[in-house]
Amino acid sequence: MKKIFWMLCSMTVLFAAGCESDKTEDEGPVGEARITSFVFSAEKNADVLLKDYTGTITDSKISVQVPAGTDVSSLIATFEVEQEGTVVTVNGTEQVSGTTANDFSVAVDYLVTFGKKNALYTVTVGELPEATWQKVSETELATNEFRMAIDPTDNQPGFAIQVRSAEDAQGPILYAKLDGSTLTPETAYAGNSNYIAFGYNKSGQPYIFFQDYVETSSERAGGIVTYTGGKWNRENVTTQKPNAYVGHAICDVDGKMFVFSSNDKAGTNVPRREINMTTLSGGAWTTDQAIPNRPLNRGYWPIAYEKDNTLYLMVSNPVSPMSVSFYKYANNTWSTILEAYSYPSASGDGTFQDFPIKGIGPNIVADDEGNIYAAVSYMYSPQVLKINAATQEVSLVGSAIAPVGSIAGRYCRVAISPLGKLYLVYKKADDAAQLQVVSLDDTTKDWGAPVQISTDEAEDFDIKFAPDGTAYLAYTVSNDIDMSAGTVITPGKLVLYKLATAE
């Protein structure tokens with residue numbers, strides 16, 4: 001009887017083992033063929049994306065939204081699967097997460113295989129809603145002029161603001177950094193000043209250049225303040241007296257701080273009314289330096305721009321005919337991009353027209369190929385010129401904006417997104433002076449429909465892109481003063497807008 005019992009137990013064990021063996025052979029390893037996450041990362045798609053865009057997985061569908069205008073013809077997806085050993089293919093081609101690119105202009109089917117189990121996911125890529133300009137901050141200030149720069153360490157805008165004193169346009173310099181939606185100005189230099197320039201170094205340290213306004217005109221020299229040791233300090237450098245209303249610039253390149261100003265007093269190496277270069281290198285400042293190989297002896301409006309550790313410089317030449325020059329500094333070497341550019345005469349006789357530079361324009365930006373884009377106002381028409389890096393040819397970008405008046409038409413600014421999209425800002429008209437923003441359409445290669453920022457009558461303004469793709473546009477509104485009574489009816493203000501999802 002015991003022998004029969006043990007035989008039955010053995011048969012049961014063998015039968016169970018046989019069933020388990022059959023189950024493994026029929027159904028494969030335990031687990032599911034499943035995608036658990038799907039994302040287009042900025043790291044793997046650096047040429048077209050500035051942020052990560054994560055897909056939403058619903059049953060067998062994956063949907064991802066990316067900014068409008070994104071080139072989706074060769075996007076690389078980074079995905080995760082539930083089980084190790086899962087194979088993912090598209091049209092028979094095995095997919096490697098973070099490596100394989102596909103054209104997502106149409107729906108793409110991902111076949112997921114784990115053992116003998118299969119699942120099919122359909123991936124569709126759509127566009128995010130069109131980005132809109134939104135007000136971030138509004139601060140009551142009696143500004144005379146301001147400059148905006150982006151702190152490279154946190155992508156936030158900072159401001160150097162020269163405010164009016166009670167009696168005159170000269171006054172102290174304030175500094176403010178955006179914190180959430182708040183700008184809280186602090187005093188960077190308490191003395192009377194004007195004609196400021198402002199920028200950050202790569203470590204986020206701010207520098208402000210200014211003319212030290214004193215009663216004796218000949219003694220008005222240039223100074224620099226920076227923030228160290230928990231307070232604002234004046235640097236140990238004094239430049240020649242800066243020229244009035246001719247622009248100054250600060251830029252950090254190659255581990256050096258560059259400050260450009262136009263002399264109103266001759267130095268040893270730089271004549272009067274020429275561009276003076278001041279540099280900080282190895283902890284020491286050096287001033288009274290000329291731009292190498294620059295033949296002209298008069299220069300205004302130095303405009304500097306840094307891109308990929310290369311400095312681009314534009315200078316206005318107030319000689320006849322008026323012209324602009326372009327220079328480049330990289331790897332410790334200066335080179336001339338374009339010696340002097342003037343507008344060809346409309347008569348076509350080979351002569352040139354004056355190229356007047358007025359107001360807070362122009363400014364310049366550069367793209368990844370080193371092409372320079374200059375915002376200028378010619379005959380009161382805001383426009384952008386492209387200086388080709390390879391050929392040095394100058395061409396008009398899109399169409400020139402129709403002349404907008406004898407005053408407002410002098411003002412325009414250009415900005416370029418980290419992905420190379422151009423934006424132009426200008427004032428609407430003499431009587432309104434409302435800011436308009438246009439961007440270059442990738443398809444038509446012309447400026448799109450203008451977007452009006454606000455109903456304010458803007459005075460000074462600037463636009464900058466942060467490395468994360470956020471655009472910031474700031475402007476000031478002047479005090480409304482009752483001249484007969486000497487009282488302020490409506491105080492001036494500094495207003496900041498941003499285009500948060502531009503990329």
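Student: Which residues touch the most other members of the largest nonpolar core?

Tutor: They are F38, F40, F104 and Y110, in a core of 23 residues. Keep in mind that this is a predicted model.

Student: What makes a set of residues a nonpolar core?

Tutor: The residues must be buried and of nonpolar kinds such as Phe and Tyr, and their side-chain atoms must join within 4.5 Å. In soluble globular proteins, nonpolar side chains tend to be buried together.

Student: What does F38 touch, leaving out residues up to four places away in sequence?

Tutor: Its contacts include I62, V64, F79, F104, Y110 and V123. F38 also belongs to one aromatic cluster with F40, F79, F104 and Y110.

Student: Which residues are in the second core?

Tutor: That core is separate and has 19 residues, among them A415, V425, A471 and L473.

Student: How many aromatic pairs are there?

Tutor: The count comes to 18.

Student: Why is the pair of F258 and F260 called stacked?

Tutor: Take the two values in turn. The ring centres are 6.1 Å apart, and the limit for a pair is 6.5 Å. The planes are 10° apart, and stacked means under 30 degrees. Therefore F258 and F260 are a pair, and a stacked one.

Student: Are F258 and F260 buried or exposed?

Tutor: F258 has a relative accessible area of 2%. For F260 the value is 0%. Buried means under 20%, so F258 is buried and F260 is buried.

Student: Where is D264, and why is D264 called buried?

Tutor: D264 sits in the loop between β22 (256-262) and β23 (275-281). Its relative accessible area is 17%. The cut-off is 20%, so D264 counts as buried.

Student: What is in contact with D264, leaving aside neighbours within four places in sequence?

Tutor: K241, P242, N243, R272 and R273 are.

Student: How do you know that β22 and β23 pair?

Tutor: Pairing takes at least two bridges. β22 and β23 have six, in the antiparallel sense, so they pair.

Student: Where is R298, and what makes R298 partly exposed?

Tutor: R298 lies in the loop between β24 and β25 (300-307). Its relative accessible area is 27%. That falls between the limits of 20% and 50%, so R298 is partly exposed.

Student: What does R298 touch, not counting residues up to four places away in sequence?

Tutor: R298 touches R273, E274, S316, N317, P318 and V319. P318 is 20 residues from R298 in sequence, and 6.5 Å from R298 in space, C-alpha to C-alpha.

Student: What makes β32 and β33 a pair?

Tutor: Seven bridges join β32 (372-378) to β33 (381-387). At least two are needed, so they pair, and they run antiparallel. A375 has V384 in β33 as its bridge partner.

Student: Where does N331 sit?

Tutor: N331 is in the hairpin of β27 and β28, with two residues between the strands. N331 takes a positive phi near 55°. β27 (323-330) and β28 (333-341) pair in the antiparallel sense over six bridges. The bridge partner of K328 is S335, in β28.

Key: Residues numbered from 1 in each chain as written. Predicted model: local features only at pLDDT ≥ 70, side-chain atom pairs only at ≥ 80, totals over all residues. Heavy atoms only, no water. Helix = DSSP H or I, 4+ residues; strand = E, 2+ residues; numbered from the N terminus. Buried < 20%, exposed > 50% of the residue type's maximum accessible area, 1.4 Å probe, protein only. Contact = heavy atoms within 4.5 Å. Phe/Tyr/Trp six-rings, centres within 6.5 Å; stacked < 30°, edge-to-face > 60°.
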